[in-house]
Amino acid sequence: MSTTYRRHHPRWHRERTPIFWWLGRFAYTRFIARELTSLAVAWVALLVVVEVAALGRGPAAWERLHALLRTPPAVALHALVLGVLLFHSLTWLHLAPKAVVVRLGGRRLPDGAVLAGHYAAWAAASLGLLWVLS
Amino acid sequence: MTSARRRSPEPFLWLLFSSGGMLAALLMPALAWRLWLAPGLGLAEPLAFERAAALLSSPLARLGVALVVALALFHWAHRFRFTLYDGLQLSHLWGLIATVCYGGAAIGSAAAAWALLALP
(Lines give C-alpha, C1' and ligand atoms only; values in the text may rest on other atoms or scores of the structure.)
Protein backbone atom coordinates (compact mmCIF):
# COMPACT_ATOMS: atom_id res chain seq x y z
CA MET A 1 0.00 0.00 0.00
CA SER A 2 1.31 3.43 -0.91
CA THR A 3 1.96 5.72 2.02
CA THR A 4 1.69 8.93 0.00
CA TYR A 5 -1.18 11.31 0.69
CA ARG A 6 -4.35 10.71 -1.29
CA ARG A 7 -7.57 12.61 -1.27
CA HIS A 8 -10.30 11.25 1.00
CA HIS A 9 -7.81 9.16 2.82
CA PRO A 10 -6.48 10.06 6.24
CA ARG A 11 -2.91 11.20 6.12
CA TRP A 12 -0.46 8.66 7.50
CA HIS A 13 1.21 9.79 10.62
CA ARG A 14 4.39 7.96 11.31
CA GLU A 15 7.31 9.31 13.26
CA ARG A 16 10.47 8.30 11.50
CA THR A 17 12.81 6.63 13.93
CA PRO A 18 16.27 8.11 13.57
CA ILE A 19 19.03 5.65 12.67
CA PHE A 20 20.96 6.41 15.83
CA TRP A 21 17.97 6.06 18.17
CA TRP A 22 20.06 3.81 20.42
CA LEU A 23 22.60 6.51 21.30
CA GLY A 24 20.13 8.48 23.40
CA ARG A 25 19.98 6.25 26.40
CA PHE A 26 22.69 4.18 28.09
CA ALA A 27 20.49 1.06 28.27
CA TYR A 28 19.85 1.21 24.50
CA THR A 29 23.53 1.77 23.70
CA ARG A 30 24.46 -1.14 25.94
CA PHE A 31 21.88 -3.31 24.15
CA ILE A 32 23.35 -2.51 20.72
CA ALA A 33 26.88 -2.99 22.07
CA ARG A 34 25.83 -6.41 23.37
CA GLU A 35 24.40 -7.35 19.97
CA LEU A 36 27.57 -6.15 18.22
CA THR A 37 29.73 -8.53 20.28
CA SER A 38 28.72 -11.05 17.60
CA LEU A 39 31.25 -9.31 15.31
CA ALA A 40 34.09 -10.30 17.64
CA VAL A 41 32.73 -13.86 17.79
CA ALA A 42 32.69 -14.04 13.97
CA TRP A 43 36.20 -12.57 13.81
CA VAL A 44 37.58 -15.27 16.13
CA ALA A 45 35.80 -18.01 14.14
CA LEU A 46 37.24 -16.73 10.84
CA LEU A 47 40.72 -16.33 12.30
CA VAL A 48 40.56 -19.95 13.50
CA VAL A 49 39.82 -20.96 9.90
CA VAL A 50 42.84 -18.90 8.78
CA GLU A 51 44.98 -20.65 11.43
CA VAL A 52 43.84 -24.08 10.23
CA ALA A 53 44.55 -23.11 6.61
CA ALA A 54 48.05 -21.92 7.58
CA LEU A 55 48.60 -25.16 9.48
CA GLY A 56 47.72 -27.12 6.36
CA ARG A 57 50.20 -25.15 4.27
CA GLY A 58 53.15 -26.01 6.49
CA PRO A 59 55.52 -24.53 9.12
CA ALA A 60 56.61 -21.55 6.99
CA ALA A 61 53.01 -20.35 6.45
CA TRP A 62 52.27 -20.95 10.15
CA GLU A 63 55.27 -18.80 11.22
CA ARG A 64 54.34 -16.05 8.75
CA LEU A 65 50.82 -15.84 10.10
CA HIS A 66 52.04 -15.72 13.69
CA ALA A 67 54.65 -13.07 12.92
CA LEU A 68 51.81 -10.96 11.47
CA LEU A 69 49.67 -11.58 14.56
CA ARG A 70 52.47 -10.31 16.81
CA THR A 71 52.66 -6.86 15.15
CA PRO A 72 51.41 -3.95 17.32
CA PRO A 73 48.23 -3.29 15.28
CA ALA A 74 47.24 -6.97 15.53
CA VAL A 75 47.95 -7.01 19.27
CA ALA A 76 45.91 -3.82 19.78
CA LEU A 77 43.05 -5.32 17.75
CA HIS A 78 43.07 -8.47 19.83
CA ALA A 79 43.11 -6.50 23.09
CA LEU A 80 39.88 -4.90 21.85
CA VAL A 81 38.53 -8.26 20.64
CA LEU A 82 39.22 -9.85 24.03
CA GLY A 83 37.42 -7.00 25.79
CA VAL A 84 34.38 -7.44 23.53
CA LEU A 85 34.46 -11.24 24.01
CA LEU A 86 34.47 -10.79 27.79
CA PHE A 87 31.46 -8.48 27.46
CA HIS A 88 29.74 -11.20 25.42
CA SER A 89 30.56 -13.89 28.00
CA LEU A 90 29.37 -11.80 30.95
CA THR A 91 26.11 -10.66 29.32
CA TRP A 92 25.45 -14.17 27.94
CA LEU A 93 26.01 -15.94 31.25
CA HIS A 94 23.92 -13.38 33.13
CA LEU A 95 21.00 -14.08 30.79
CA ALA A 96 21.30 -17.81 31.48
CA PRO A 97 19.23 -17.87 34.71
CA LYS A 98 16.36 -16.24 32.77
CA ALA A 99 16.59 -18.78 29.94
CA VAL A 100 17.38 -21.93 31.89
CA VAL A 101 14.90 -23.11 34.46
CA VAL A 102 16.34 -25.96 36.49
CA ARG A 103 13.95 -27.89 38.70
CA LEU A 104 15.33 -29.92 41.54
CA GLY A 105 13.04 -31.92 43.77
CA GLY A 106 9.98 -30.08 42.46
CA ARG A 107 11.40 -26.67 43.27
CA ARG A 108 13.01 -24.16 40.95
CA LEU A 109 16.73 -23.70 41.48
CA PRO A 110 17.38 -20.04 42.41
CA ASP A 111 18.92 -17.73 39.78
CA GLY A 112 22.12 -17.40 41.78
CA ALA A 113 22.74 -21.14 41.68
CA VAL A 114 22.14 -21.33 37.91
CA LEU A 115 24.49 -18.39 37.40
CA ALA A 116 27.15 -19.95 39.64
CA GLY A 117 26.90 -23.16 37.64
CA HIS A 118 27.48 -21.26 34.41
CA TYR A 119 30.47 -19.41 35.89
CA ALA A 120 31.89 -22.76 37.00
CA ALA A 121 31.44 -24.12 33.46
CA TRP A 122 33.17 -21.01 32.07
CA ALA A 123 36.13 -21.44 34.44
CA ALA A 124 36.40 -25.17 33.67
CA ALA A 125 36.20 -24.62 29.89
CA SER A 126 38.79 -21.80 30.02
CA LEU A 127 41.25 -23.76 32.17
CA GLY A 128 40.73 -26.87 30.05
CA LEU A 129 41.42 -24.94 26.85
CA LEU A 130 44.52 -23.26 28.31
CA TRP A 131 45.76 -26.68 29.44
CA VAL A 132 45.15 -28.32 26.04
CA LEU A 133 46.90 -25.44 24.24
CA SER A 134 49.80 -25.23 26.72
CA MET B 1 -7.47 -20.52 7.53
CA THR B 2 -5.88 -23.89 7.14
CA SER B 3 -4.80 -25.95 10.06
CA ALA B 4 -1.53 -26.94 8.41
CA ARG B 5 0.68 -23.98 9.14
CA ARG B 6 3.97 -23.42 7.34
CA ARG B 7 6.86 -24.38 9.51
CA SER B 8 9.13 -21.46 10.26
CA PRO B 9 12.92 -21.91 10.27
CA GLU B 10 13.24 -19.40 13.12
CA PRO B 11 13.34 -21.90 16.02
CA PHE B 12 16.13 -23.82 14.29
CA LEU B 13 18.08 -20.62 13.58
CA TRP B 14 17.57 -19.56 17.17
CA LEU B 15 18.96 -22.90 18.34
CA LEU B 16 22.11 -22.34 16.25
CA PHE B 17 22.35 -18.78 17.64
CA SER B 18 21.96 -19.98 21.17
CA SER B 19 24.41 -22.89 21.08
CA GLY B 20 26.98 -20.79 19.21
CA GLY B 21 26.62 -18.03 21.78
CA MET B 22 27.15 -20.45 24.64
CA LEU B 23 30.25 -22.03 23.05
CA ALA B 24 31.66 -18.57 22.28
CA ALA B 25 30.99 -17.37 25.83
CA LEU B 26 32.70 -20.39 27.38
CA LEU B 27 35.67 -20.83 25.02
CA MET B 28 36.54 -17.71 23.05
CA PRO B 29 38.04 -15.38 25.68
CA ALA B 30 40.55 -18.06 26.72
CA LEU B 31 41.19 -18.94 23.06
CA ALA B 32 41.85 -15.34 21.98
CA TRP B 33 44.09 -14.82 25.01
CA ARG B 34 46.11 -17.98 24.48
CA LEU B 35 46.49 -17.84 20.72
CA TRP B 36 46.85 -14.15 19.97
CA LEU B 37 46.96 -11.65 22.82
CA ALA B 38 49.29 -13.37 25.31
CA PRO B 39 51.95 -14.27 22.69
CA GLY B 40 51.64 -10.77 21.21
CA LEU B 41 52.33 -9.23 24.63
CA GLY B 42 55.21 -11.62 25.25
CA LEU B 43 53.34 -13.31 28.10
CA ALA B 44 53.21 -16.77 26.52
CA GLU B 45 55.04 -18.75 23.90
CA PRO B 46 53.25 -18.85 20.53
CA LEU B 47 51.55 -22.17 19.87
CA ALA B 48 54.14 -24.35 18.13
CA PHE B 49 53.37 -25.72 14.67
CA GLU B 50 54.06 -29.30 15.77
CA ARG B 51 51.77 -28.94 18.78
CA ALA B 52 48.91 -27.54 16.68
CA ALA B 53 49.39 -30.27 14.07
CA ALA B 54 49.36 -32.96 16.76
CA LEU B 55 46.20 -31.52 18.35
CA LEU B 56 44.36 -31.46 15.03
CA SER B 57 45.55 -34.91 13.91
CA SER B 58 42.50 -36.62 15.41
CA PRO B 59 39.23 -36.58 13.45
CA LEU B 60 37.33 -35.86 16.65
CA ALA B 61 39.32 -32.67 17.30
CA ARG B 62 38.73 -31.55 13.71
CA LEU B 63 35.03 -32.19 14.06
CA GLY B 64 35.01 -30.18 17.29
CA VAL B 65 36.76 -27.20 15.67
CA ALA B 66 34.40 -27.33 12.69
CA LEU B 67 31.40 -27.40 15.00
CA VAL B 68 32.57 -24.47 17.12
CA VAL B 69 33.43 -22.37 14.05
CA ALA B 70 30.10 -23.10 12.30
CA LEU B 71 27.97 -22.46 15.38
CA ALA B 72 29.88 -19.26 16.19
CA LEU B 73 29.31 -18.01 12.64
CA PHE B 74 25.58 -18.80 12.77
CA HIS B 75 25.45 -17.08 16.15
CA TRP B 76 26.90 -13.99 14.47
CA ALA B 77 24.55 -14.29 11.48
CA HIS B 78 21.42 -14.39 13.62
CA ARG B 79 22.43 -11.65 16.02
CA PHE B 80 23.88 -9.32 13.41
CA ARG B 81 20.79 -9.76 11.25
CA PHE B 82 18.54 -8.43 13.98
CA THR B 83 21.03 -5.69 14.87
CA LEU B 84 20.76 -4.43 11.30
CA TYR B 85 16.96 -4.71 11.35
CA ASP B 86 16.49 -2.87 14.62
CA GLY B 87 19.63 -0.81 15.13
CA LEU B 88 19.83 0.66 11.64
CA GLN B 89 16.08 0.50 10.84
CA LEU B 90 16.61 -1.76 7.84
CA SER B 91 13.70 -4.14 8.33
CA HIS B 92 12.52 -3.45 4.76
CA LEU B 93 15.70 -5.21 3.54
CA TRP B 94 14.96 -8.36 5.52
CA GLY B 95 15.39 -10.79 2.61
CA LEU B 96 18.72 -9.37 1.49
CA ILE B 97 20.09 -9.11 5.04
CA ALA B 98 19.05 -12.65 5.96
CA THR B 99 20.63 -14.01 2.76
CA VAL B 100 23.91 -12.16 3.34
CA CYS B 101 24.12 -13.13 7.03
CA TYR B 102 23.19 -16.81 6.85
CA GLY B 103 24.87 -17.18 3.45
CA GLY B 104 28.07 -15.70 4.86
CA ALA B 105 27.93 -18.06 7.82
CA ALA B 106 27.38 -21.03 5.50
CA ILE B 107 30.34 -20.01 3.31
CA GLY B 108 32.55 -19.57 6.39
CA SER B 109 31.51 -22.99 7.69
CA ALA B 110 32.28 -24.56 4.33
CA ALA B 111 35.71 -22.87 4.36
CA ALA B 112 36.34 -24.32 7.84
CA ALA B 113 35.36 -27.81 6.69
CA TRP B 114 37.56 -27.47 3.60
CA ALA B 115 40.59 -26.25 5.60
CA LEU B 116 40.17 -29.04 8.17
CA LEU B 117 39.79 -31.73 5.50
CA ALA B 118 42.86 -30.42 3.68
CA LEU B 119 45.06 -31.00 6.75
CA PRO B 120 47.56 -33.78 6.20
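This briefing covers how helix H3 of chain A packs against one helix of its own chain and one of chain B. The model is predicted: local features need pLDDT of at least 70, side-chain atom pairs count only at pLDDT 80 or more, and totals for chains, interfaces and linings use all residues. Residues are numbered from 1 along each chain as its sequence is written, while chains are lettered from A and ligands numbered from 1 in the order in which they are written.

**Between the chains**
- 44 residues of chain B are in contact with 44 residues of chain A (C-beta atoms, placed from the backbone, within 7 Å).
- H1(B) gives the largest share of chain B's side, 17 residues.
- That side of chain B has 35 nonpolar, 7 polar and 2 charged residues (nonpolar: Ala, Val, Leu, Ile, Met, Phe, Trp, Tyr, Cys and Pro; charged: Asp, Glu, Lys and Arg; polar: the others, Gly among them).

**H3(A) against H1(B)**
- The axes of H3(A) and H1(B) come within 9 Å and cross at roughly 155 degrees (axes are lines fitted to C-alpha atoms, for helices over the stretch in contact; angles run from 0 to 180 degrees between N-to-C directions).
- That makes H3(A) roughly antiparallel to H1(B) (over 145 degrees).
- Residues in this contact include A:Trp92 of H3(A) and B:Trp33 of H1(B).
- The contact divides into 18 nonpolar, 5 polar and no charged residues.

**H3(A) against H4(A)**
- H3 (residues 72-99) and H4 (residues 111-132) of chain A pack at about 140 degrees, with axes 8 Å apart.

Technical notes:
Helices (H or I, at least four residues) and strands (E, at least two) are DSSP runs, numbered from the N terminus. Two residues are in contact if their C-beta atoms, placed from the backbone, lie within 7 Å. Angles under 35 degrees count as roughly parallel, over 145 as roughly antiparallel, 65 to 115 as roughly perpendicular and the rest as oblique.
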